[in-house]
Amino acid sequence: MPVCLECGDRIRYGRTDKKFCCDDCRTRHYNAAARSGRAFRRRVFRILVRNHEVLEGLIKAGVESIDMIDLAAMGFSPTFVTSYSKVGKHNEYGCFDIKYIMTRTRVYSIMKIQNFD
Ligand SMILES: [Zn+2]
């Protein structure tokens, strides 16, 4: 006998592919799923905002090239990016309106994007 995904009760009536014992459980389940999706997006967004603060600070300080180790120490998370493109042999990444080239050990050519094309 199938079991309700929300409360774990056995589902006694209806089609054999039913996932919930009642409408309340269905609603609760999908609301929870939507909540956790939003929480996940908020976490990712906070990481990207932090990355942007670090990069913007570097631009303001006139730093165009920096070791990954130093970046990590500043709270930069290299695996979170908003864009990626291959430019020649280089891997160019974006963080909102800032672009940079990243290798395994360094980030360089950090600059503001003036317009999107
Ligand atoms: Zn239930």
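In what sense do S1 and S5 pair, and over how many bridges? The two strands pair in the antiparallel sense over three bridges. The legends below describe close-up views of a predicted model.

**Figure 1. Overall fold of the predicted chain.** The secondary structure comprises two helices and five strands, which follow the pattern α-β-α-β-β-β-β along the sequence. The C-alpha atoms fill a box of roughly 65 × 30 × 25 Å along the principal axes. The radius of gyration of the chain is 23 Å, whereas a compact globule of 117 residues would have a value near 13 Å. Of the 117 residues, 11% count as buried. Among contacts between residues at least 6 apart in sequence, 37% join residues at least 24 apart.

**Figure 2. The open five-stranded sheet.** The strands are arranged in the order S1-S5-S4-S3-S2, and their pairing is antiparallel. From one strand to the next, the twist averages 30°. In a regular strand, side chains alternate between the two faces of the sheet.

**Figure 3. Pairing of S5 with S1 and with S4.** Towards S1, strand S5 contributes to an antiparallel pairing of three bridges, in which Ser-65 stands opposite Tyr-108 of S5. Towards S4, the partners are residues 98-102 of S4 and residues 106-112 of S5, paired in the antiparallel sense over four bridges. Here Met-102 stands opposite Val-107 of S5. S4 and S5 form a hairpin, with three residues between them.

**Figure 4. Helix H1 against the sheet.** Helix H1 spans residues 23-60. This helix lies across S1, strand S3 (90-95), S4 and S5. Relative to S5, helix H1 runs at about 80°.

**Figure 5. The largest nonpolar core.** Nine residues make up this core: Val-54, Leu-55, Leu-58, Leu-71, Phe-76, Cys-95, Tyr-100, Val-107 and Ile-110. H1 and S5 each supply at least two of the core residues, and H1 gives the most, with three. Val-107, a member of the core, is also the residue of S5 that stands opposite Met-102. In soluble globular proteins, nonpolar side chains tend to be buried together.

**Figure 6. Surroundings of Cys-95.** Cys-95 belongs to the largest nonpolar core. Leaving aside neighbours within four places in sequence, Cys-95 is in contact with Leu-48, Asn-51, His-52, Leu-55, Val-81 and Thr-82.

**Figure 7. Arg-12 in the segment before H1.** Arg-12 is placed in the segment that precedes H1. Arg-12 counts as exposed because it has 9 C-beta neighbours inside 10 Å, the cut-off for exposure being 12 or fewer. Pro-2 and Arg-12 are ten residues apart along the chain, and their C-alpha atoms are separated by 8.0 Å.

**Figure 8. Asp-17 and its separation from Arg-42.** Asp-17 also lies in the segment before H1. With 7 C-beta neighbours inside 10 Å, Asp-17 counts as exposed. Asp-17 and Arg-42 are 25 residues apart in sequence, and the distance between them is 33 Å, C-alpha to C-alpha.

Definitions and conventions:
Residues are numbered from 1 along each chain as its sequence is written. This is a predicted model: local features need pLDDT of at least 70, side-chain atom pairs count only at pLDDT 80 or more; totals for chains, interfaces and linings use all residues. Two strands pair if DSSP finds at least two bridges between them. Axes are lines fitted to C-alpha atoms, for helices over the stretch in contact, and angles run from 0 to 180 degrees between N-to-C directions. Two residues are in contact if their C-beta atoms, placed from the backbone, lie within 7 Å. A residue is buried if 20 or more other C-beta atoms lie within 10 Å of its own, exposed if 12 or fewer, and partly exposed in between; C-beta atoms are placed from the backbone. A nonpolar core is a set of buried Ala, Val, Leu, Ile, Met, Phe, Trp, Tyr and Cys residues joined through C-beta atoms within 7 Å. The radius of gyration is taken over C-alpha atoms; the globule rule is 2.2 Å times the number of residues to the power 0.38.
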